[in-house]
Amino acid sequence: MKPDVLLTNAVFPPTQARLEKEFTCHKLYEAADRTAFVRDIAPRVRAIAPFGGAGCTAELIAALPELEIIANFGVGVDAIDLEAARKHGVIVTNTPDVLNDCVADTALALTLNVFRKFPQSEAYLRSGYWAARGPYPLTAALGGKTMGILGLGRIGEAIARRALAFGMKIRYHNRHPKEVPYPYDPDPVALAKNSDVLMIATPGGPATHGLVGAKVLDALGRQGYVVNIARGSVIDQPVLLRYLQEGRIAGAGLDVFAEEPGVPPAFFALDNAVLLPHVGSATVETRTAMGNLQVENLRRHFAGKPVLTRVV
Ligand code: 8YV
């Protein structure tokens with residue numbers, strides 16, 4: 001008998017095909033009456049395989065008495081109620097490391113784009129302005145500038161290596177200093193004050209909620225940039241929007257937003273922001289590796305072996 005697995009949302013199609021081959025999958029996102037659907041399958045469901053932690057609330061976890069494991073597709077588990085998982089003895093796994101390079105590539109692309117305004121200058125060419133109005137205005141250079149990494153974890157370290165190759169200097173802030181060759185700042189305000197670009201690479205969740213607000217952006221200043229490849233929740237989004245509109249910081253590169261996929265339309269009008277639709281890990285290679293790790297965690301669990309990447 002194949003174990004019963006609940007899919008709270010659609011995952012990467014090749015991973016979904018593997019899940020459907022190896023497990024009996026129940027698609028919550030296709031159910032007309034979600035409460036009745038959960039009630040019917042509750043006596044059988046032993047796992048949830050969400051994409052980005054979707055739908056893993058305390059209520060759902062409590063409604064599934066046979067639940068043993070939540071195997072997330074994604075490194076971030078901030079959307080999963082971890083307390084509820086702990087309380088019910090449910091294992092939680094994620095997909096770390098396999099996405100570091102692509103997310104770090106995205107971080108550097110956003111950094112380059114906010115300093116050099118390549119998307120804006122490309123739009124200038126496409127609008128026919130080059131010939132009509134002359135050269136695009138000068139922008140800011142990356143080399144010699146300081147990147148302050150807020151959250152120097154595995155992704156942060158991959159970002160630092162790339163930024164060094166661009167001739168940047170690195171500083172960082174974590175809750176505790178690490179054995180790394182980069183200077184440590186004791187808090188986010190000090191880091192922002194010492195940086196030309198603040199790179200947000202922390203986990204999401206309550207511990208980092210609103211960590212970057214007016215004080216940190218004031219410390220970054222009118223010449224400073226902010227790049228966020230972590231979670232929208234880490235920045236106070238209305239404050240960031242206002243600071244960008246008023247030119248109180250130089251610009252922002254954002255791959256993540258507070259209420260995805262919703263982005264306040266006021267962002268679209270900003271010339272000093274580069275906006276991406278949460279594509280940090282979105283390559284075929286990385287999503288394949290993430291899906292393989294998600295499936296492997298489930299396989300190992302149901303084979304009575306330790307899972308590979310346990311969070312709870
Ligand atoms: C995914 C991410 O796009 O891994 C994460 O935490 O934010 C991204 O890589 C998202 O989790 C969807 O699975």
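Tutor: In this predicted model, strand β1, residues 4-7, pairs with strand β3, residues 45-48, in the parallel sense, and the pairing comprises 3 bridges. Within that pairing, Asp 4 has Val 45 of β3 as its bridge partner.

These two strands belong to an open sheet of 5 strands, whose order is β2-β1-β3-β4-β5 and whose pairing is parallel. At the edges stand β2 (24-27) and β5 (91-93), each of which pairs on one side only. On average, neighbouring strands of this sheet are turned by 25° against each other, direction ignored. As background, strands of a sheet pair through backbone hydrogen bonds, either parallel or antiparallel.

Helices come next. Helix α1, residues 13-22, lies across β1 and β2 and runs at about 125° to β2. Helix α12, residues 284-302, lies across β3, β4 (69-71) and β5, and its direction is at about 160° to β4.

The two helices also pack against each other: the angle between α1 and α12 is about 20°, and their axes are 9 Å apart. Because angles under 35 degrees count as roughly parallel, α1 is roughly parallel to α12. The crossing in which α1 passes α12 is right-handed.

At this contact, α1 contributes Thr 15, Arg 18, Leu 19 and Glu 22, which meet Arg 287, Gly 291, Asn 292, Gln 294, Val 295, Leu 298 and Arg 299 of α12. Sorted by class, the contact of α1 with α12 holds 3 nonpolar, 4 polar and 4 charged residues.

Note on methods: Residues are numbered from 1 along each chain as its sequence is written. This is a predicted model: local features need pLDDT of at least 70, side-chain atom pairs count only at pLDDT 80 or more; totals for chains, interfaces and linings use all residues. Side-chain values use heavy atoms; hydrogens and water are left out. Two strands pair if DSSP finds at least two bridges between them. Helices (H or I, at least four residues) and strands (E, at least two) are DSSP runs, numbered from the N terminus. Axes are lines fitted to C-alpha atoms, for helices over the stretch in contact, and angles run from 0 to 180 degrees between N-to-C directions. Contact means heavy atoms within 4.5 Å. Angles under 35 degrees count as roughly parallel, over 145 as roughly antiparallel, 65 to 115 as roughly perpendicular and the rest as oblique. A crossing is left-handed if the near helix is turned anticlockwise from the far one by less than a right angle, and right-handed if clockwise. Ala, Val, Leu, Ile, Met, Phe, Trp, Tyr, Cys and Pro count as nonpolar, Asp, Glu, Lys and Arg as charged, and the others, Gly among them, as polar.
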